[in-house]
Amino acid sequence: MGSGTPVLTPGGSRPPTGKAESAVQTLATGNVFAALGTSPRGLASSEVAARRTQFGPNELPRAGRRGLWRDLATQFTDLFAVVLLVASAITFLAYWLRDPRDVGTLQLAVAILGVVLLNAAIGFAQEYSAERTAESLQAMVPHTCRVLRDGQRQELPAHDLVPGDIVVLEAGDAVSADCRLIEAHEVSVNNAALTGESDAVARTGEPVAASPVLEARNCVFMGTDVVAGSAKAVVFATGAATEFGRIFRLAAAAPRQKTPLQRQVASMARRVAGTALAIGAALFAVRLPTGQPFVETFVFALGVMVALVPEGLPATLSVSLAIGVRRMARRHALVKQLLAVEALGSTTVVCTDKTGTLTQAEMTVVQLWAGGAQHAVSGVGYAPAGEVADPRPVRELLRAAALCSNARLIPPADREGWRVLGDTTEGALLVAAAKAGLDLTDEDAAEPRVAEYPFDSVRKLMSTVHRDSDGRGYLVYVKGAPQEVLARCTAVDWRGEQQQLTDELRGAVTVANDELASQGLRVLAVAWRPVTDGRAVRDEAESGLIFLGLAGMLDPPRPDVSEAVDACRRAGIRIVMVTGDHPLTAEAVARRVGIVRHPGPTVVTGSRLDTIDDHALDGLLAQSTELLLCRVSPEHKMRVVTALQRRDEVVAVTGDGANDAPALKHADIGVAMGASGTDVAREAAVMVLLDDSFASIVAAVRLGRSVYQNIRKFLIYLFSHNIAELVPILAATFAGFPLVPITAVQILAIDLGSDVLPALALGAEPPEPDVMDRPPRSRRERLFSTAVMGRILFLGGIQALGVTAVFFWHIHASGIPYSEFTEDDTAYREAITMVQAGIVVSQFFNALAVRTERQSLFRIGLLSNPWLLAAGCFGTALMAAISYAPPLQALFNTAPLDAADWAVLAAFGVLLLAAEETRKWWVRRHRPHGPKGEEQ
Ligand code: ATP
């Protein structure tokens, strides 16, 4: 680092106040460079390396994770855990009080404790891995910034910034370090992250009086956002030395929010636990008067209650949501909140941008228009290889357009071809200028830029002010949407001479524009004017312009979009195109990708939206099936999203610019562009598309739907077997049988042994083939719909009937009267083994049955989820061990089953599958499309 750099101190040790700090904002622009040991060309690479060693990376210390022990401890404060712990304590107490002591009671107490520990371990592991997933997903969207080093503009990861770096800021950027502005064009920033004040505040590049640095109007700070304008700034503090670093607390991570789905499951589980408690109490009340010992009856009732609590459910739910998140990431959709996984599945409308989402954002200027003549441009992509037909009349048009651009062409490197750094629309103009033989570096040097009025999507134009080549006056170059530019023109350069822009010539420009637009081209108009003052106010600079011509650029549709549009149509999802572009361009592209298929789609422009009230807008949205919103600004987008939500739609909306943030936040699913979007949009969205493609949104919707379906699958699977566990116990109680048909320890072995893996495998089922062939789920539909409850009762009922029959058949076959049965009778032990094995085997078939909702299982293939088969085999093997291994026999009071027993159970499982296949067949036949929003 150069000497005499009073404002630089190594990371973390900058004095909070003092001369050094106030120095940076009071310095004249020229002195800022010297003070920070840098130059207008930026730092040299060797200096960067030295500073990197001295100041360290531009990172904040990691947010404090809640201690692992605390995380683990919270697992035991969960309602289930508390209930179970109390139950375990009572059972231990019962064991001590009873004389003689009963090993069975002790086993039960230990088993319940085991359940709590196992559940806590699973829950903890899940949360830990979910946190790691979130971290790794975040790392997939790197935070970058544009930096000037060695006189070259480069894009770098934000953590590479060092003090003295010169950064280039544009609207939508998140500021990556504390910087002093040296050049500011209509810049305003949002300091909410630092000050909590969310209004945009204007910034300047001029020196200001000494004041606390946070109040300095020429400084911007890490963690804040640029909301408008563009600027150049010198970094003066990085990492922990920034203002943000100072207030950044190692605070506990934000509490994890539960999604509505998780809340629904939790409330259902609570209700089931309540019911279990009631059933336990009822059984106690029924059995006590029959002369059973008090403690024994109490322990029995407690065991039943514990068995009915759906222990593994919350963990299974988190796993299936996490699997959904990972699958979406593989399809280029990063979901920042679990909530989005759920909402995605019920999306009814997607409002999508055009450029980059439906199209490739690979702009190529293919037509130029000036002085009433068209000039074709050859060559595609960003390589400046191609020609402009008869370039002379359009040279001035291209020169002005290139000078009024901030993008830069990057020559091929590392197997990559020519690239654009910055806006692709501008990149295409630079390429066309090069094709016409213009040397852009020379042009820049001849007419240096002195001011800029940046592009924004409300004004739809941008202008720059340059000193003219003889240094006597200034020139303004303007480019933007033809309508906007034309409205500010009073003259035209027409075949070499300047003419007044008559209505006739205006008409000629409009016709030419429409012709280019209806070919699906994005059209920009270019104009200029001389001014005497380089600091001319914007309104003056952008009025009385001289029209130069039009540039039409091609942006081919993404190849996979048509298919995705088709999928949306089948899935009952409406697509609304929202674009800042010309209606004809929009319609041509919409037709190409299949969004518009009929003549006369409803095309609504931003200016029309301004004239209609909410009522009329609602009517418009209700009537039109093919809707294109053109020439709209982000405020219009927000209004349409709100109107759609009023109509009860679940809206996904895409956005990339800083001012898209309100619509992204307001929508049910805000989707930001990962590749081309601004930092602000990415922060506001709940989903980020790594590849910006519309097809990825559709892929995510499909996965969202399948996550929801899978959750239903394992809910049906888990809850139906509870019926099979409960019914034999109730039957035995009411039939006056003195012992239980299945013990609490056996039930726990099912719930936590043989049932967990199949439930997880169901949560990982691939999407059903027809998942996108049905209308979206209704927002109001509950997870436990009547259809789901019906299936639980249907499948659970069959299972219950089977195992109860098996039990009593065994008991009766022994010929022993009910009252003489003891726990040690072989017949009893065989009977309870049959009941447990019956549930395990039928659950295996049940898992297969719930894999589809209405399609035949054989259509998706019996073997298509190998995890489920493996999980089923594991469960059966565990059951076999419980039946045959002597130590487990002792623990569970079981007896060995013979081949005929297994055959009976398997036949019974096949029966269950056949019954379910018949039900599905009936549903397909009688309700081919299914009632809207209701699964069957
Ligand atoms: P799309 O839906 O195609 O993504 P958009 O909504 O992103 O479009 P904007 O980028 O806001 O549209 O652009 C709106 C209009 O402004 C464009 O049609 C074009 O005429 C003009 N425009 C776009 N980029 C620039 C630029 N860099 N300089 C000047 N004008 C531009």
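Strand E16 (474-480) and strand E19 (522-531) each contribute at least two residues to the shell around the ligand, strands being DSSP runs of at least two residues, numbered from the N terminus. The largest share, three residues, is supplied by E19. The model is predicted, so that local features require pLDDT of at least 70 and side-chain atom pairs pLDDT 80 or more, whereas totals for chains, interfaces and linings use all residues. Residues are numbered from 1 along each chain as its sequence is written, and side-chain values use heavy atoms, with hydrogens and water left out.

Among the 18 residues around the ligand, Thr 355, Asp 423, Lys 479, Thr 579 and Gly 580 come nearest; a residue is counted if one of its heavy atoms lies within 4 Å of the ligand. By class, the shell comprises five nonpolar, five polar and eight charged residues, where Asp, Glu, Lys and Arg count as charged, Ala, Val, Leu, Ile, Met, Phe, Trp, Tyr, Cys and Pro as nonpolar, and the others, Gly among them, as polar. Domain 3 (334-359 + 559-698) and domain 4 (364-554) each provide at least three residues of this shell, the domain bounds coming from an automatic or database assignment.

A polar backbone atom of Gly 580 lies 2.8 Å from a ligand oxygen, and a polar side-chain atom of Arg 522 lies 3.0 Å from a ligand oxygen. For a polar backbone atom of Ala 481, the distance to an oxygen atom of the ligand is 3.5 Å. Taken alone, the ligand exposes 620 Å², of which the protein buries 92%, as computed by the Shrake-Rupley method with a 1.4 Å probe.

Conventions. Polar contact = N/O pair within 3.5 Å; in protein donor to acceptor, adjacent residues only side chain to side chain. Helix = DSSP H or I, 4+ residues; strand = E, 2+ residues; numbered from the N terminus.
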